[in-house]
Amino acid sequence: MVSAVQGAAKAAVDSNLFYQSAVRRPLIDRAEGIYIWDRSGKRYIDGSSGAMVTNIGHGNPRVLEAMRKQMEQATFAYRLHFENEPAETLARQVAARLPQGLDRVFFVSGGSEAVESSVKLARQYAVVTGQQSRWKIISRYPSYHGATLGALALTGYAPMTKPFAPMMREMPKVPAPTCYLDRDNFDEQERGLRYAECLRGEIERQGPDSVLAFIMEPVGGASTGALVAPDSYYTRIREICDEFGILLILDEVMTGIGRTGRFLAAEHWNLRPDIVAMSKGFAAGYAPLGAMVADSRLVAPVLEAGGFVHGFTYAGNPLACAAGLAVLEEIGTQGLIANAEKMGWVLKARLESLKERYPFVGDVRGLGLLLAFELVSDRGTMTPLPKDLHAHARIVELAYQEGLIIYSRRTRSGIEGDHFMVCPPMIVTEQQIEEIMEILDRCLSAFAAEAGLDRG
Ligand SMILES: Cc1ncc(COP(=O)(O)O)c(C=O)c1O
């Protein structure tokens, strides 16, 4: 019933999204490693780690044991009444993996909460340091930062934001660095700079004294399909933020904790955020967990002024933190970040090879195991496939029938275009990648046949 209601709500926004959401799914029976079984015994490959969540795979016995132990001790203690050991240890371990100074950890239960916490801390920092005029947070278009109204105001994805526009104060947007679509005489690095300079333009348009922060996903998530900018973009973004005294918030809800082959995706460019939001792979689906991690330079004046005016009942939940701690340990002992990088290259090469067989595969992108491919009707112009083919939904459905779960969205601001995220858990092996690719190949072939597309 719940999923049917969610389906209906989305239908009002975009009939294309409705296609996916309204479909009733089988009941899950059990899950282990990269596989999930339904009640009929059918097996599925979790080729998107759920929604890029189950990074260490399902049913990890050491994580389950750590959770069981914690459950026997205490499953809940309100943070204003007690501190708890798993939260304290996890905070120390996370801080130890981040750049020096980025060591104030605020636990939450999901990505939207992590983003909300980040923007509220940024604002409170401005208020207590005499910068009350700063409140605007510039974000990118397309982007996704969460479902709550605050996070949605930062989100650049029309089908999700439009119905709620009157209820929220939409924040200024700059274009996401979709260099792969540009047809000009610039090289990649020049294009990167050009997109970064859009931030300067927007700050000046808004009035520098009114701008509080810039938020971005270092590697795009579902809204762009694993968009990676040229190196020049990241360096220049940091410079521009510093020039105008603007905070840089990185939304690493999807990219964080190893998925891109680094603990934070920001490490690929040595990019230092002032605040970072994390969730998804943090407790990897074993418990709802997220965190905002902020530079102590921001937190100190807020605490001096009386404390952070913000909080959630489940913040710092001992069971969720025990799960997070065990997941972190597993990532370390199994070398999963290195595996994400290595298997990421293997999978990316295999996805690239689809281009040879299918002229309608227009782009393959991403880092580590955050990978996506986009379909087009013309590679030269990157014109999307006709909307009414609903490729983003149809191919996901064909794969689901074949026992492969992948994740898709409309590419161009949610309005047209089709991309598919292939993001298996970080424990994936080369052999399992072959299994994924065999199914994907069959599905693209079937889709090409039914849509009347050229198969090369
Ligand atoms: C980049 C990014 N930020 C924030 C969120 C919101 O996270 P949640 O759905 O856990 O609230 C998501 C979820 O997909 C995301 O991908």
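**View 1. Packing of helix α14 against helix α15.** Helix α14 (residues 391-401) packs with helix α15 (residues 430-451) at an angle of about 130 degrees, and their axes are 9 Å apart. Here axes are lines fitted to C-alpha atoms over the stretch in contact, and angles run from 0 to 180 degrees between N-to-C directions, while helices are DSSP runs (H or I, at least four residues) numbered from the N terminus. The model is predicted, so local features need pLDDT of at least 70 and side-chain atom pairs count only at pLDDT 80 or more, whereas totals for chains, interfaces and linings use all residues. Residues are numbered from 1 along each chain as its sequence is written, and side-chain values use heavy atoms, with hydrogens and water left out. The two helices α14 and α15 are therefore oblique to each other (angles under 35 degrees count as roughly parallel, over 145 as roughly antiparallel, 65 to 115 as roughly perpendicular and the rest as oblique). The contact (heavy atoms within 4.5 Å) is made by Ala391, Arg394, Ile395, Leu398 and Ala399 of α14 together with Cys443, Leu444, Ala446, Phe447 and Glu450 of α15.

**View 2. Packing of helix α6 against helix α11.** Helix α6 (residues 111-128) and helix α11 (residues 296-304) pack at an angle of about 60 degrees, with 9 Å between their axes. On the α6 side the contact is made by Leu121, Gln124, Tyr125 and Val128, and on the α11 side by Arg297, Leu298, Val299, Pro301 and Val302.

View 3. A side-chain N or O atom of Ser112 is 2.5 Å from an oxygen atom of the ligand, and a polar side-chain atom of Lys280 lies 3.0 Å from a ligand oxygen atom. For Tyr144, a backbone N or O atom lies 3.5 Å from a nitrogen atom of the ligand.

Terms used. Polar contact = N/O pair within 3.5 Å; in protein donor to acceptor, adjacent residues only side chain to side chain.
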